[in-house]
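Please read them with the structure open.

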Amino acid sequence: MKKLMLIAGAVTMGLGLACGATAADTVKIGVIMPLSGNSGNAGKSAVAALEIAAQIINEAHPEMKNLPLAAGAGLPNLGGAKIELVVADHQGNPSEGQNQTLRLITQEHVVAMLGSYHSNVSFTATAIAERYGIPFIIGDSVAANITGRGFQWVFRTTPIASDFANNYMEFLSDLKKEGHPVGNIAVVFENTDYGTSVAGTVREAAKAHGLNIVADITYNANGADVSPQVIQLKEKKPDAIIFISYTSDAILYMKTMKNLDYLPRVVIGDDSGFSDPAFITAVGDIAQGSINRSAWDVGPKGSTTYLINEMYTKKTGHGLDDTSGRNMQALFVLAEAINRAGSTKPEAIQKALRETDLKPAQLMMGYKGVKFDQTGQNTLAATYLIQLFGKDYIAVWPPAKAQHKLAYPFKGWK
Amino acid sequence: MIFLQVIAGGLLIGAVYALFSAGLTLVWGMMNVINFAHGEFVMLGMYVAFWAYTLMHAGPAGFSALAAVLLFMLGVFVYLLLIRHVMRGPMLAQILSTFGLLLFLRYAAYWAFSANFVTLPEGLFGPSLNVGGILLSAPKLVGGVVALLLTLGIHLLLTRTAVGSQILAVAEDRQAAMLMGIRPDRMQALAWGLAGASAGIAGALIATFFPISPTVGESLALIAFVVVTLGGFGSVPGAMLAGLIVGLIESLSAYYFGPVYQDVFVYGLFVLILWVRPHGLLGKA
């Protein structure tokens, strides 16, 4: 037993020495993601994307020179220091998220944190970072309450529900300018936390843009039949419908709309059900022209985003998705701030993050820029709107980023 | 016109509920056993239809028949291996054993088929039927007609044939039936087989318009228990009637008051009817 402890001690010391030796030329960033459990796949995809981002920063990639730090190797203001990711699994569990954050900060001595997919994990983990005064950047958790708690060390790059809602309304306003009717809209949403909270922000955004909600329908996503709702929509004749739905209900809506021969002019699906590959296999043929959101678009051949997608596909065997892309973007923003700070001191990084002002051309995601407000939320966060053509969603809005002309009206099965 | 469309929609989904519930009420009525795994039987029927279509390009008649045969076998199998033994134990063991079967089948389906949704292609039964401006979904219409035929068939089998009389005799008094030369095990295995077969047909037909996943039983099973209780324990025509009533009330309340309130009306009526008629609409006292 004594011998065993001795060996353990020696190993620990050895590890400690090894870490000490590399600390000078790497910048350690703690990452917490769900690597096991229900969302394990999403977490693994995100970590693979973060590793690609670190690789782009650490190696010279002159072909992606519009991204800050891509062209050269490492962080130039820190003597070419490399980014080192220290990844931990939070299992989708908020208290595990806290434990891992604590461990990464106190034992791994990371200079900043990034995470964490689940909103409820981000909510608790950021509290630890706040207590220890370590910047925590959030790439993908969208719950509104993560920012706005008076925290000084939380920064969030991703668009949140209010951004999406505003984008939908701006899109509809653009349709109006082209002479299409959009005055009356319908909001159809499932009745749990996700549906009701997004519907609430959509309602506010509609009011702000002077659009009238003629049908406000909440339903149970596990229900067996959606015919009454579709009959109601058919009767109220909204100019556009926004669905906030999960998979099986989104599929049922499309099938029932076809069965009851109801073809609205604009169908917008808020991610979730409409983004599930099963949705496209099941009803893609009868849901042609559905509009969805994504801040990620592969872009034209040879573009930076196209090259990133190529690197990512080579590593994982599948294309980059919106969630993983938003995490990559967060790491780029963080690295740019650390480089600008010219220091790994938390206060210096915090100050640099507060002064961050990135333009759309410097980003890989479809944000209008990155600039944090008092609460740490990116005020320029935005999303693309994508439309279903055949089996693929293609960016159609905003016009400057469109890869395909918007098809109006919704084609459905016709 | 809109009103008639809402009514038609309600009757169609009601017929689907009746179809779903036929097998459940059969087992309940014949053996006084609650089969909590009934929804999982239907789920397996859906997967049989999906795989028969995907691998063998079987048509609706083909995959429904296949689902009926396979689920008949499963029903017999479950009776012989599980139910027959727990029937000798306390009531609680019977309830928990079918509940265990539910979990086993659901998670086995997760393992075998993954949690992703799959679907049969749209329009296997052609476009909606237009009857004087009212659109009737073809798959639900077929489901409704089959539910009716199935209900009628089971009813005739139980009331007009020797086998049916034997099944009922066993249900009435196992000992007395044995003394009359009836083999109760064989009859009860047959009842489970029939229940399985009707669940299989129901699953295959529901799969033509409903997304398939291991948890699909959850969406439909609760309503099936309401339908069976409302119709009267063990009464197959009662389940038909109750299914239609529940579908109609759901549809009307969802249209006039909003879909989230439909359960208030359905369960309100449920309590009311049971208060007046504790044995259900067509159940025997």
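Predicted model: local features only at pLDDT ≥ 70, side-chain atom pairs only at ≥ 80, totals over all residues.

**Notes on the model**

1. The length of the same helix was checked against expectation. Helix α1 of chain B covers residues 2–31, and its 30 residues should span 44 Å at 1.5 Å a residue; the C-alpha atoms at its ends lie 43 Å apart, so the two values agree.

2. How much of α1(B) is buried? The count is 26 of the 30 residues, so the helix is largely enclosed by the rest of the structure. Just after α1(B) comes B:N32, whose phi is positive, at about 55°.

3. Chain B as a whole contains 11 helices and two strands. Read from the N terminus, its order is α-α-α-α-β-β-α-α-α-α-α-α-α.

4. The overall dimensions of chain B are as follows. For 285 residues, a compact globule would have a radius of gyration near 19 Å, and chain B has 19 Å, so the chain agrees with that estimate. The C-alpha trace of chain B spans about 60 × 50 × 35 Å along its principal axes.

5. Burial and contacts in chain B can be taken together. Of its 285 residues, 51% count as buried. Among the contacts in chain B with a separation of 6 or more, 77% are between residues 24 or more positions apart.

6. In chain A, strand β6 (residues 184–190) pairs with strand β7 (residues 212–219); the pairing is parallel and runs over seven bridges. For A:F189, the bridge partner in β7(A) is A:T218.

7. One residue of chain A deserves a separate entry. A:Q350 sits in helix α13 of chain A, which covers residues 346–354. Is A:Q350 buried or exposed? It has 20 C-beta neighbours inside 10 Å; a residue is buried if 20 or more lie within that distance, and therefore A:Q350 counts as buried.

8. Which residues does A:Q350 touch, leaving aside those up to four places away in sequence? They are A:P135 and A:W153. A:D321 is 29 residues from A:Q350 along the chain, and the C-alpha atoms of A:D321 and A:Q350 are 29 Å apart.

Technical notes: Residues numbered from 1 in each chain as written. Chains lettered and ligands numbered in written order. Helix = DSSP H or I, 4+ residues; strand = E, 2+ residues; numbered from the N terminus. Expected span 1.5 Å × (residues − 1). Buried ≥ 20, exposed ≤ 12 C-beta atoms within 10 Å, placed from the backbone. Pairing = 2+ DSSP bridges. Rg over C-alpha atoms; globule rule 2.2 N^0.38 Å. Contact = placed C-beta atoms within 7 Å.
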